[in-house]
Amino acid sequence: MTERGAGKGERPIDRGRHVGVVGLAVMGENLSMNIARHGFPVAVFNRTAARTDEFLAERGGAAGIVGLHDIADFVNSLERPRRIIMMVKAGPPVDAVIAELLPHLEPGDILVDGGNSFFLDTARRGDELAAAGFNYVGMGVSGGEEGALWGPSLMPGGPKEAYDRLEPMLTAIAAKTDAGPCVTYIGPGGSGHYVKMVHNGIEYADMQLIAETYDIMRHALGLTAQEMSDVFRRWNQGRLASYLIEVTAAVLAERDPESGDPLVDQILDAAEQKGTGRWTSVSAMDLGSPAPTIDAAVTARVMSSMRESRLQASKILTGPDASGLPNGLTRDALLAAQEDALYFSKISAYAQGMALMRAASDAYAWNLNLAEIARIWKGGCIIRAALLDQIRAAFSGPEQPANLMLAPNVAPELNAAAPGARTATMAARALGLPCPAMSASLDYFDSLRAERLPANLIQAQRDYFGAHTYRRLDRDGVFHTHWTPFE
Ligand code: NBP
């Protein structure tokens, strides 16, 4: 058995590698480099062997990483119990890699799926592998390429004893903030991937909210891309400070090298998705824990991708002129309202995500610690934001708020920002600009704070046509009425 390492040719294997990484696309490569940089010996394996050789020649070999072309050699190169992190495409590739590894594993070995797997797949794989004596950890990894290399936010779920064996390495490679390393034991089963899924759902929401804000700015305020970049950079100094606002400021300032025009103006307005946002919405529906801002963000991406239909409809369906300020609004007033609206909506999106995680924790008996989850999202991940300090504080006390919106350190901020959210959404409506995520954020707030909703009428309708019965405000019991039809 031999291994490959840059400049060293083939040499006998040392069998003492701390961890093995399977999958050498962008995430696996960068995570391997991160692990090696922290002094943990790494062995790598990739289905396409040429990729392994390329990686070792480009940078892996110089970092002391060894690569193997044979899966049995790869497994045998690891210290026992083995730690193997899979960084392959979610779905059937994960099952394929497990099937390939399985004959070479020994009881007690730890298999980690670091991809964006669906949490129920992770739960199923975990059960199957536990029955065979193996430890299976589903670990959300956030932060993209940069995070994987320099410090991601890690959300590992599965058997606690397996986490304990991984902890020194995970703590070393995770992003660090003033609140510690961005990793914690999430809980059993598929909880790690669930929390990563909700993270991505919030990411969808936040991105859509920023896009809607940009849309109002460019139409109603007529700001150039550079001017908008300056506004986002300024907002990033305050309560909106976050990675996604920073990214937006940088994106808006980028020029197309060919035309010299803002690059963002040349990009096709059809957003793609890989599924984690949709999964969040589906789970929210399944668990009866509404996440309307995330739903709206997923739908908005789908609407954007229906470009042919939109182009056709734009010639048939009419609306107001979207340029210029709506009546009664000054530029400064609208811009201030937009900052409020974005902050308000962002809190709403996080509130929905936190409520959903609590519902899942109850449904699946995960005992999730929402304060810890907010803490590990403070660094390394795409939704890192100053707001997470307040969210963490809100869930840190002995008394957990029924909803983030009701926390004593959050409710006054929301109440103060709500008028701005109303102004910004009304401006968008007046101009005929879609603002589905911002509207959904406000509707969540207005629905939650409504002492009475019009659902009494819905119950009456249901009872009228389906004898579904209703309950009354003035007395206990279940009632049915023989309604009088309109002649
Ligand atoms: P990809 O999701 O593009 O997957 C490519 C890797 O999967 C390659 O190593 C490929 O091997 C391997 N693979 C495939 Br495809 N089918 C396989 C099979 N049947 N058997 C064995 N290996 C197979 O890579 P990525 O973008 O690095 O992402 C890895 C995971 O991390 C995904 O689940 C992704 O959703 C998640 N993630 C990605 C990001 C990001 O920013 N990209 C961020 C956070 C999480 P090959 O070289 O032989 O084709």
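**Salt bridges and the ligand shell**

A: The count comes to 25 salt bridges, taking a side-chain nitrogen of Lys or Arg within 4 Å of a carboxyl oxygen of Asp or Glu. This is a predicted model: local features need pLDDT of at least 70, side-chain atom pairs count only at pLDDT 80 or more, and totals for chains, interfaces and linings use all residues. Residues are numbered from 1 along each chain as its sequence is written, and side-chain values use heavy atoms, without hydrogens and water.

Q: Which side chain does glutamate 106 meet in a salt bridge?

A: Arginine 82, at 2.8 Å, N to O. Glutamate 106 is in the loop between α4 and β7 (110-113) and arginine 82 in the loop between α3 (71-76) and β6 (83-86), so the pair ties together parts 24 residues apart in sequence. Helices (H or I, at least four residues) and strands (E, at least two) are DSSP runs, numbered from the N terminus.

Q: Switching to the ligand. How many residues surround it?

A: 19, and the closest are Met27, Asn46, Arg47, Thr48 and Asn116. Near means a heavy atom within 4 Å.

Q: What is the shell like by class?

A: It has 11 nonpolar, 6 polar and 2 charged residues. Nonpolar is Ala, Val, Leu, Ile, Met, Phe, Trp, Tyr, Cys and Pro; charged is Asp, Glu, Lys and Arg; the others, Gly among them, are polar.

Q: Which element gives the largest share of the shell?

A: α4, with 3 residues.

Q: How far is a ligand oxygen from the threonine 48 side chain?

A: 2.5 Å, to an N or O atom. Another distance is 2.8 Å, from a ligand oxygen to a polar backbone atom of methionine 27.

How values were computed: Polar contact = N/O pair within 3.5 Å; in protein donor to acceptor, adjacent residues only side chain to side chain.
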